[in-house]
Amino acid sequence: MLGVAFRLLTSQLESIEPVNSSVNALVSISETPNSTQDHGPLKDVTIVVKDNICTSSLPTTCSSAMLSEYTSPFDATAVRLLRDAGAYIVGKANCDEFGMGSLNVNSIHGPVINPHQSPNMFDVPWTQRERRSAGGSSGGSAASVAAGMCDAALGTDTGGSVRLPASYCGVVGLKPSYGLISRWGVVSFADSLDCVGVIGKSVNTVKQVFDVVSVYDEKDPTAASLELREQARSSAESCLSISSSVTQPSSLEGLRIGIPQEYFPLELDSSIIRSLRTVISGLKAMGASMVSVSLPSTQYALSAYYVIASAEASSNLARFDGIQYGLRVPPPPEATHLKPSDVYAISRSAGFGKEVQKRILLGTYALTADAFDNYFLQAQRVRTYIKSDFNNVFRHSSFLFGPHPASPPAAGVDVLLHPSAIRTAPLLDANGTGEEHEPSSLDEYLQDVMTVPASLAGLPALSVPAGLADDGWPVGVSVVGQWGMDELVLRVGRVIEELR
């Protein structure tokens, strides 16, 4: 006799197709299982996996023509851990090609449509409602959760690709400390920035999944060692007295929250500032201290990020040449065969989309002898300054990036709080591109301005819904902590969640 959990899972899978036809969040859907695993901490949890994370049971296309026929022979470590814990993988999520984009419009599967609708549109037929971006590059993961197609989703975050979609779709998104979740089995974009992140309806769901996948993996050369994890855990214990339960009201006495001055650019929507102020007022009422802090190198973060990420992408994607890996397009008879690169170019031009080609070209140039010192090395120096800025404001040591500067502990803060995005979800035009999106426009790249600094520093950051803006669309606020302080970030996020 089928159990209740199995019947609920079957019902959920049957309802996915009609929802997905409107949202386009999933690019492949699992078949209904004959049975479900009846043990493990995630036995009743359904999960969607971003299409750049390998799964043996479903294709892994990276939303690219280059890998449109690829199915991995193995599961990524994070996926294997989820299966072992009893989770059921519902399907693979649409994403920007190879994770490159902020609006989820750079996909061979088409754009992801944000499933949220403002309160004044509930009586309007779906086909007549405004179509907005779900954010990128993990837009399919966030939209799947927001549309109720799964309980949680895995995404990847290189410069904000989990937090930005979470903010746009009104769900919770965690980018963990760099190295805590294994990247083995993740198709690389930028190795020094890529993190596997978790998206869920609530902070508790995100934490439940995070606890399962955040274990040391010897197959991942960038994984934080067991010693580092233990040091960070011990350091965080002094801040984990924050409680959040029905019987015991949350108390934030002694918690110092920093508000970075540089995270309020002119482009920031005024209604987002009001939502942030409401959150700040609620946290202060619970005993938290608010401290204005400065991160002066923030203004250079976006430029440094695109140089570093593009350079690493150009190196990582060099393997997709149509001979070793990826789509193979035979050269036409009139094509020259004098050099191997002439043959590669045919397959790479057909397999990669315009955005990926653009970043490969930019990254390749940044690594040339003429540009290396002026671009790539300068970007790395900026990255060092950004890490130092964060170390100068936190009162806890960063075990990953060297000693904490000599300053009194009381002078620092425990976490930072800032808006997750400069605006609500942008409109999509009839072609499925961003609002007033032109090939030469820089608007799409500016969406990451709030999220990139934490990525460059490898810090944990959590986007939590903070109500609706004046246009009726979700607003997110981000909590950022010192490296390894993921548990503290989640605790503060849970308190913010309870303020709504």
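**Figure 1. Contacts across the whole predicted model.** Of the contacts in the protein with a separation of 6 or more, 76% are between residues 24 or more positions apart, where contact means heavy atoms within 4.5 Å. The model is predicted, so that local features need pLDDT of at least 70 and side-chain atom pairs count only at pLDDT 80 or more, while totals for chains, interfaces and linings use all residues. Residues are numbered from 1 along each chain as its sequence is written, and side-chain values use heavy atoms, with hydrogens and water left out. The protein contains 14 helices and eleven strands; helices (H or I, at least four residues) and strands (E, at least two) are DSSP runs, numbered from the N terminus. Of its 500 residues, 58% are buried, a term that stands for under 20% relative accessible area, with exposed over 50% and partly exposed in between (1.4 Å probe, protein chains only).

**Figure 2. Confidence along the chain.** The mean pLDDT of the protein is 90, and 90% of its residues reach 70 or more; pLDDT is the predictor's confidence in each residue, from 0 to 100. Over residues 243-248 the pLDDT is below 50, and this stretch has seven contacts in the model beyond near neighbours in sequence. Residues 403-409 also have pLDDT below 50, with nine contacts in the model beyond near neighbours in sequence. Where pLDDT is low, the predicted coordinates should not be read in detail.

Figure 3. The 16 residues of helix α8 (residues 301-316) should span 22 Å at 1.5 Å a residue, and the end C-alpha atoms are 22 Å apart, which agrees; the expected span is 1.5 Å times one less than the number of residues. Because 14 of its 16 residues are buried, α8 is largely enclosed by the rest of the structure. The axes of α8 and helix α11 (residues 372-393) come within 9 Å and cross at roughly 125°, the axes being lines fitted to C-alpha atoms, for helices over the stretch in contact, with angles from 0 to 180 degrees between N-to-C directions. The two helices, α8 and α11, are therefore oblique to each other (angles under 35 degrees count as roughly parallel, over 145 as roughly antiparallel, 65 to 115 as roughly perpendicular and the rest as oblique). Residues making the contact include Ala 304, Val 307 and Ile 308 of α8 and Phe 376, Ala 379 and Arg 383 of α11.

**Figure 4. Helices α2 and α5.** The axes of helix α2 (residues 77-84) and helix α5 (residues 203-213) come within 9 Å and cross at roughly 110°, and α2 and α5 are therefore roughly perpendicular to each other. On α2 the contact is made by Ala 78, Leu 81 and Leu 82, and on α5 by Val 209, Val 212 and Val 213.

**Figure 5. Surroundings of Ala 143.** Ala 143 lies in helix α3 (residues 139-146) and is buried, with a relative accessible area of 0%. Ala 25 is 118 residues away along the chain, yet the C-alpha atoms of Ala 143 and Ala 25 are separated by 6.0 Å. Leaving aside neighbours within four places in sequence, the contacts of Ala 143 include Val 23, Ala 25, Val 112, Met 149 and Cys 169.

**Figure 6. Surroundings of Val 475.** Val 475 belongs to strand β11 (residues 474-481) and is buried, with a relative accessible area of 2%. Not counting residues up to four places away in sequence, Val 475 touches, among others, Ser 167, Ile 272, Thr 424 and Leu 468.
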